[in-house]
Amino acid sequence: MMMKMKRNATRLLSLLLTAVFLLTAAPLSVWAAPAGRPAAVAAVEEAYQQAVRHPYGREKREGIVSAYQAGLAALEKALTDSELAAAKDEAVAAIEDAAAVTYRLPGEAAGTVWAGVTDNGVRDEEDDNNYPDPLGEIVPLVQVPYCEGENIAAVTLRMLEAYGIDCYYTGNAASGFYLSALKDFYLADGTYIDSFGEYDGGFMSGWMVTCNNWFLDRGASDFQVEADDVVRWQFTCMYGSDIGNDWFNPSAKITGVRVVSSGAALAPSFSDTVKEYTLRVDGETDTVRLEALQENYGATLTYRVGNKTYKLLQEIPVIDGTEIVIECTYPGGSPDADRVTLTVTKEPSAAERLEQAKRAAVIELENYTDPAGYRPAQRDEREQALAAGKAAIEAAGSFEAVEAALTAAKEALDTIPTDGELSAGELNEARKTAAEELKGYKDPTDYRPAQQRELEQAVADGLVAIAAAGTAEEVGQALAAAKAVLDGVKTNAQLTDEERQTLSDRLETAIRGVIQGRKINDQLTGDSVLGSREFTDPATGASSTWSDWLAMAMGRYSFVRSDGSINFCYDDGSGYQNYREALERFVTAAYEENGGSLSKVKATEWHRLILTVAALGGDPTRFGTYEGRPIDLVADGTYNCVVNGGPARQGINGVIYALLAKNAVIDGQPEQALYTDEYLIGCLLENQLADGPEGAYGGWALRGNESDPDITAMAVQALAPYYHSEKTYSCQNKATGQIVAKTAARMIDEALAVLSSRQLPGGDYASWGTENAESTAQVLIALCELGIDPAADSRFITAEGKTLLDGLMKYRLADGSFTHAFATDAQNPEAAPGAYNQMATDQAGCALVAYWRYVGGRNSLYNMRSDEAAADRTAAQKVSALIDAIGEVNLDSEEAIRTARQAYNTLTAEQKVLVDNYAVLEAAEEALAALKAAGSTDSTTDGTGGDRSETTRPDGEKGPDGSPATGETGVCSLFIFAAALFTMGGTLLAAQKRQKSR
């Protein structure tokens with residue numbers, strides 16, 4: 001028997017170890033499918049159902065279905081909760097985008113009208129009906145914008161186009177418009193209709209239209225619309241008599257009144273014999289919308305309040321006693337007009353009743369305690385508690401919330417000790433509290449070592465003073481004095497600010513040296529650089545690479561004042577304006593000469609101009625004139641490029657600068673863009689080389705299979721605005737022939753890995769075998785565009801301790817200008833080694849300005865929309881520090897993680913983008929959740945040594961509550977703990993890789 005028990009124990013241990021091995025070795029997806037998948041699928045399903053509740057043309061509806069199917073497929077592939085959430089959000093957005101109804105107008109909107117399409121025509125069974133049953137509501141009444149002077153035909157075509165519904169018609173919107181049929185569309189229930197129109201409901205069938213419940217007596221082209229008109233296209237099977245336009249039964253009878261808006265009700269219910277009604281209106285309702293029904297819609301219906309008339313469905317203002325008269329008249333006055341009167345009665349307001357409850361609660365709270373029973377300090381505390389309670393009561397939005405606020409305020413008052421409750425030991429308690437507060441007043445990790453020693457000494461001195469205090473008042477004084485000493489110790493951030501100012505001053509000196517170097521070496525005449533004859537002369541400057549790049553750098557060497565004006569930091573007199581005016585003259589002349597274009601083949605001519613104009617404070621979307629209209633350089637040169645072949649005609653160089661120029665002045669993608677962001681980024685993805693570390697994808701080059709640092713850095717600059725987007729781009733890569741799908745962030749990270757690996761020991765870069773200033777400048781700009789400090793990121797600090805700034809400044813000459821290289825460059829033989837070079841000077845100037853803007857907390861070099869407040873970067877840095885302080889995750893990390901999350905959630909959207917270690921916070925939260933899940937399965941004791949988490953049975957079966965019997969719990973706990981460790985390790989590793997790549 002004993003041997004058998006030993007064998008069973010050995011076998012059990014073997015099974016246990018095998019199970020743990022298999023569990024921890026298994027892929028994560030085998031046992032940890034996201035629990036939120038059903039909810040995510042339900043959310044996507046809900047978005048789809050909401051979208052298809054409306055009628056659409058075939059292509060539009062198929063787009064919705066396609067987005068829905070793609071969303072479900074993405075949810076199925078998601079392996080983690082974060083991936084699932086991202087897939088769900090992207091799917092819902094795609095469905096909503098596909099279903100969006102957009103109205104195109106030829107000019108400025110003058111207002112909106114209601115318009116809809118309905119088929120309630122009564123079929124004659126003896127007729128030849130292609131559609132024997134009415135289709136019902138095809139397009140519900142919707143608000144359609146119109147331009148001044150437009151007619152019903154124009155509004156109708158706009159509505160159908162917005163829903164993607166095609167139609168047959170004769171004439172045109174301006175005259176003779178006749179709607180024959182709708183075609184190629186779906187009803188809201190999913191029924192597909194190929195064509196539906198005249199004769200489909202019998203030989204007397206076709207489309208008729210009413211305006212404000214009156215059937216038109218002429219064509220739709222003859223009736224101009226006005227604000228709030230109601231246009232209904234209705235299908236008739238009997239020349240109109242079946243839908244209320246019976247010529248043989250003249251009638252002005254009102255057959256019903258319906259309250260369309262909420263907050264109002266008719267009393268009594270409508271009856272043909274009752275002509276006087278009460279309209280009961282909620283006290284908070286200020287307007288009502290009504291709809292009256294008619295026996296014959298050849299009659300005219302009006303709503304009148306006093307001398308003012310209102311249209312069908314128009315908002316009618318109401319107060320207590322308002323009299324609304326609804327009148328229906330038939331042409332010619334026969335038969336007699338019908339009239340119904342509604343008198344408004346205002347009901348008591350729920351808001352007023354809530355205010356009464358609040359006043360009663362405040363009075364009760366004020367009388368709850370007697371202020372005479374407190375000491376002065378506690379009396380102040382009582383007043384504060386009363387004020388907080390009253391504020392909570394006033395903020396309550398319901399009767400239940402008022403009661404809850406009153407209860408909470410009373411409980412807060414109960415915690416304040418009265419004079420009689422204060423004990424003789426309160427002095428010692430005050431000392432203890434003050435000592436603990438002083439110890440936790442500052443976080444030593446916010447300081448450098450030398451300052452940490454100052455903190456320690458100041459805390460020690462303060463504790464001595466607190467211990468020697470003889471009264472509570474003296475304790476408070478000692479604590480305040482000690483805090484004042486601690487406040488005087490500089491934090492790391494404060495010291496960093498001083499260092500940042502020193503660096504900013506150094507960069508400003510170098511930037512001014514660049515400008516002065518150009519002036520000396522190019523022998524510019526006059527005091528002004530930009531306003532010099534050489535720069536403003538179209539033959540030598542004004543829209544040439546020789547002058548524009550320096551002009552752009554000088555423009556970006558600026559900041560925006562509080563009033564929105566630009567303060568240019570280099571005093572160039574009126575040169576900035578002179579150069580901008582010279583550019584405008586050039587643009588106007590070029591468009592005239594080229595028939596509405598700057599260049600027939602080079603889109604980059606626009607790109608350089610866009611960047612220069614924007615940097616100098618101009619508006620590239622309205623710059624110069626052609627044929628009496630402002631010229632939009634951004635549209636013509638980027639997203640609707642007029643060059644045959646678009647930006648890509650110049651290869652990836654044109655694509656890169658199209659993105660840089662467009663994003664410099666426009667946030668987002670304009671509607672109706674011909675060359676979309678997705679297309680341009682797809683061009684970059686298509687041309688990404690496969691020369692990264694360990695066979696990964698790398699950077700870009702104009703030719704060849706090896707990444708060039710200039711082109712790679714420029715591509716990163718162009719992709720930088722999309723770094724935080726989760727959108728995935730897909731295409732066939734030319735280098736590998738593979739179909740690749742990735743985000744802009746992944747493309748950037750791969751490119752940064754290549755650039756990091758190619759940096760030279762001196763901090764600079766070589767292109768085509770020649771070490772040069774321009775390549776180094778472009779990499780420096782790329783990092784600044786991403787919000788990365790070029791002097792602090794370990795990936796771009798060499799083993800010799802050299803940074804990109806060190807590498808760039810190698811090429812600076814004594815007069816402030818820059819040389820291209822110190823060796824002969826076969827690819828650039830005109831650049832004399834070690835001598836002044838205009839292109840190198842300009843690109844170095846742009847890089848120095850980019851770094852200066854980064855150090856000053858301003859928008860990046862190529863983000864010219866507005867200057868980012870320095871406070872945004874400071875706020876983001878504080879949150880990043882809280883995330884870094886989390887460290888290794890264990891069960892004691894919960895408070896640090898919660899603090900970091902709360903701080904992150906308080907940031908604005910602009911500030912959140914600047915938190916560069918957010919992935920670490922997400923990973924820490926996932927790891928903590930895994931640890932807590934593992935801990936929740938452990939057995940708990942009842943305090944007597946016994947286990948009360950399960951029922952023990954000798955046969956190993958489950959206990960009566962369904963829980964595992966003794967022996968199983970330990971195995972399950974071990975499995976879950978192993979799973980938690982596996983999850984935490986993988987998550988943190990992913991986060992560390994992501995953080996390192998940033």
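A: The sheet and its surroundings

Four strands form an open sheet in the order 3-2-8-7, and their pairing is mixed; strands here are DSSP runs of E with at least two residues, helices are runs of H or I with at least four, both numbered from the N terminus, and two strands pair if DSSP finds at least two bridges between them. The model is a predicted one, in which local features need pLDDT of at least 70 and side-chain atom pairs count only at pLDDT 80 or more, while totals for chains, interfaces and linings use all residues. Residues are numbered from 1 along each chain as its sequence is written, and side-chain values use heavy atoms, with hydrogens and water left out.

The edges of the sheet are held by strand 3 (136-147) and strand 7 (206-211), each of which has a single partner strand, so one side of each is left without a neighbour in the sheet. On average, and with direction ignored, neighbouring strands are turned by 20° against each other, where axes are lines fitted to C-alpha atoms, for helices over the stretch in contact, and angles run from 0 to 180 degrees between N-to-C directions. Strand 2 (residues 109-119) and strand 3 run antiparallel and are joined by 9 bridges, and Gly-111 stands opposite Tyr-146 in strand 3.

Of the 11 residues of helix 6 (residues 152-162), 9 are buried, so the helix is largely enclosed by the rest of the structure; buried means under 20% relative accessible area, exposed over 50%, and partly exposed in between, with a 1.4 Å probe and protein chains only. The buried residues of helix 6 are Ile-152, Ala-153, Ala-154, Val-155, Thr-156, Arg-158, Met-159, Leu-160 and Ala-162.

Both ends of helix 6 can be described as well. At its start, a side-chain oxygen of Asn-151 comes to within 3.1 Å of the backbone nitrogen of Ala-153, and after helix 6 comes Gly-164, with a positive phi near 75°.

For a contrast in setting, consider a pair of helices elsewhere in the chain. Helix 10 (residues 426-439) and helix 12 (residues 472-487) pack at an angle of about 10°, their axes 9 Å apart, and they are therefore roughly parallel to each other, a term for angles under 35 degrees. Helix 10 contributes Leu-427, Ala-430, Arg-431, Ala-434, Glu-437 and Leu-438 to the contact, and helix 12 contributes Ala-472, Val-475, Leu-479, Ala-482, Lys-483 and Leu-486, contact meaning heavy atoms within 4.5 Å. These contact residues divide into 9 nonpolar, no polar and 3 charged.

Some backbone details remain. Asp-184, in strand 5 (residues 178-186), has a positive phi near 55° although it is a residue other than glycine. The peptide bond from Ala-267 to Pro-268 is cis, with omega near -5°, and Pro-268 sits in the loop between strand 10 (264-267) and strand 11 (276-281). Trp-768, found in the loop between strand 25 (765-767) and strand 26 (770-772), likewise has a positive phi, near 50°, and counts as partly exposed at 48% relative accessibility.

Terms used. Parallel < 35°, antiparallel > 145°, perpendicular 65-115°, else oblique. Nonpolar A, V, L, I, M, F, W, Y, C, P; charged D, E, K, R; others polar. Polar contact = N/O pair within 3.5 Å; in protein donor to acceptor, adjacent residues only side chain to side chain.
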